[in-house]
Amino acid sequence: MKELDAEQLASLAAELREQYKQLEETNMALDLTRGKPSARQLDLADDLLALPGVGNHRDASGVDVRNYGGLTGILQLRELWAEALGIDPKLLVAGDSSSLNIMFDLVSWAYTFGTNDSPRPWADEQREHAIKWLCPVPGYDRHFTITERFGFEMITVPLLEDGPDMDVVEELVKDPAVKGMWCVPVFSNPTGAVYSQATIERLAAMETAAPDFRVVWDNAYAVHTLTDTFPVNADVLALSAKAGNPNRFWYMSSTSKITHAGSGVAFFASSQENLEWYESIANVRGIGPNKVNQLAHAMYFKDANGVREVMRKHAESLAPKFEAVLEVLENRLGGTGVATWSKPRGGYFISLDVMDGTATRVWELAKQAGISLTKAGSAFPKGEDPNDRNIRLAPSMPPLEDVTRAMDGVATCVLLAAVEKLGA
């Protein structure tokens with residue numbers, strides 16, 4: 001598009017404005033904001049509503065799940081999920097519905113009490129200098145909201161196809177004020193990047209100035225394939241222990257976007273020492289998780305292969321929508337030079353980069369035309385994309401035909417914003 005002369009650009013601009021006018025007149029009300037499962041996907045877990053069933057209230061070890069206790073969750077679900085992730089079940093805790101809650105707790109407790117490796121609480125350090133946190137970008141907005149809430153200085157790190165730019169990370173962690181890092185290692189939100197083994201090994205082995213440096217390993221999409229192939233999940237706990245940094249990773253997982261939102265199970269895995277620290281505080285906060293719900297999930301999945309079978313059914317719903325987005329992007333924007341996009345093999349999002357300085361305008365045009373997109377810049381700390389180029393697309397919830405209609409409208413908005421930027 002940049003190669004067009006003034007006359008050609010003006011002609012294209014007039015054509016696009018007419019297309020946009022027609023788009024507005026359709027009065028669409030389409031939502032591509034958050035990565036919510038569709039009704040069809042939620043229906044897959046409806047068997048849970050009848051589980052574990054009247055009179056079925058003991059887990060495999062004979063414990064009555066209706067009663068108090070069992071802070072670490074029921075063993076049969078922990079074993080099942082640990083097998084799906086490829087980690088040691090002894091290092092895995094099953095909690096209540098949201099891993100985001102656990103992540104908030106971990107940061108909050110480190111801030112209030114210090115970790116098991118901290119010379120003092122992070123709050124005490126914060127009184128003397130800013131606590132710093134590494135944020136691969138584009139990244140997950142809710143991660144950034146947590147560290148923003150605690151007043152941490154968030155330092156962006158480029159997210160590459162194989163994970164964060166480790167040359168940058170290894171230099172930044174020489175600063176003792178850098179206490180942690182957000183990571184979504186498999187089908188990252190929003191690009192769909194998968195961390196390479198080399199990147200993971202460098203994260204596990206790198207030297208950090210802060211003795212209590214933590215990597216929040218949010219493996220939210222560990223089994224969320226869009227194909228018949230499931231990703232390989234590295235055992236980062238074993239790798240970090242071997243490298244002499246056993247306490248480095250706070251590993252998260254959950255049944256989010258697998259069963260029912262708000263009534264699933266979240267998991268926390270880490271070193272034995274980290275788990276003892278976690279449990280010493282969690283045992284004050286509460287007396288135990290919802291073990292009835294955990295038993296229901298164990299019965300629903302049955303085993304690790306059962307988890308994969310459920311995810312294949314999710315892929316049957318999701319994959320055509322992702323294919324539709326990519327097809328429209330290629331047909332409408334391919335070869336124009338005004339946009340690039342990720343082509344994930346799993347997860348819930350597609351990352352769209354438009355012409356620098358136009359993402360906010362694309363979002364505005366789409367909103368005015370009745371298409372809701374996640375706000376431009378949301379994949380960056382404080383919602384500030386320095387290049388104003390990134391938009392996260394979430395095609396999971398609408399019906400397939402609506403996804404295609406919405407994306408055709410988005411493409412029109414991208415092109416119109418581009419010609420405006422070029423002065424037409």
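Trainee: In this predicted model, with which residue does Glu171 form a salt bridge?

Mentor: The structure is a predicted model, and the pair is identified from side-chain atoms. The closest N and O atoms of the two residues are 3.1 Å apart, and a salt bridge requires a separation within 4 Å. The partner of Glu171 is Lys174.

Trainee: Is Lys174 buried or exposed?

Mentor: The relative accessibility of Lys174 is 54%. Exposed means over 50%, so Lys174 counts as exposed.

Trainee: What distance separates the closest N and O atoms of Asp212 and Lys179?

Mentor: Asp212 lies in the loop between α8 (197–205) and β7 (214–218), while Lys179 belongs to strand β6 (residues 178–183), so their pairing ties together parts that are 33 residues apart in sequence. Asp212 is buried at 0% relative accessibility, and Lys179 is buried at 2%. The two residues form a salt bridge, and their closest N and O atoms are separated by 2.7 Å.

Trainee: Which residues are linked with Asp141 in a network of salt bridges?

Mentor: Asp141 forms a salt bridge with Arg34, with the closest N and O atoms 3.2 Å apart. That pair links distant parts of the chain, 107 residues apart: Asp141 is in helix α6 (residues 141–149), and Arg34 is in the loop between β1 (30–32) and α2 (39–43). Asp141 is buried, with a relative accessible area of 15%, whereas Arg34 is partly exposed at 29%. The residues linked with Asp141 in the network are Arg34 and Arg392.

Trainee: How many salt bridges does the count give?

Mentor: The pairs Glu171 with Lys174 and Asp212 with Lys179 are among them. The count comes to 19.

Trainee: Why is the pair of Trp81 and Phe267 stacked?

Mentor: A search of the whole structure finds 18 aromatic pairs. In the pair of Trp81 and Phe267, the ring centres are 4.9 Å apart. Planes under 30 degrees apart count as stacked, so the pair is stacked because its planes meet at 5 degrees.

Trainee: How many residues apart are Trp81 and Phe267?

Mentor: Both residues are buried. Trp81 is in helix α3 (residues 75–85) and Phe267 is in strand β9 (residues 266–269), so that the pair links distant parts of the chain, 186 residues apart.

Trainee: Which residues lie closest to the centre of the largest pocket?

Mentor: The largest pocket has a volume of about 680 Å³. Its lining holds 28 residues, which divide into 11 nonpolar, 11 polar and 6 charged. Closest to the centre are Gly35, Tyr140, Arg142, Ser256 and Lys257.

Trainee: Over the face of which residue does Lys257 lie?

Mentor: Lys257 is one of the residues closest to the centre of the largest pocket. Lys257 is placed at 5.3 Å from a ring centre, and the ring is that of Tyr348.

Trainee: Which strand gives the most to the lining of the second largest pocket?

Mentor: The second largest pocket holds about 510 Å³ of space, and 26 residues line it. The lining divides into 13 nonpolar, 9 polar and 4 charged residues. At least two residues are supplied by each of β4 (153–160), β10 (339–341) and β11 (350–354). With 3 residues, the strand that gives the most is β4.

Definitions and conventions. Residues numbered from 1 in each chain as written. Predicted model: local features only at pLDDT ≥ 70, side-chain atom pairs only at ≥ 80, totals over all residues. Heavy atoms only, no water. 1 Å grid on protein atoms, 1.4 Å probe; cavity = no way out; pocket = protein on both sides within 12 Å on 5 of 7 lines; lining within 4 Å. Points joined across faces, edges and corners; volume = space filled by probe spheres on them. Nonpolar A, V, L, I, M, F, W, Y, C, P; charged D, E, K, R; others polar. Helix = DSSP H or I, 4+ residues; strand = E, 2+ residues; numbered from the N terminus. Phe/Tyr/Trp six-rings, centres within 6.5 Å; stacked < 30°, edge-to-face > 60°. Buried < 20%, exposed > 50% of the residue type's maximum accessible area, 1.4 Å probe, protein only. Lys NZ or Arg CZ within 6 Å of the ring centre and 35° of its normal. Salt bridge = Lys/Arg side-chain N within 4 Å of Asp/Glu carboxyl O.
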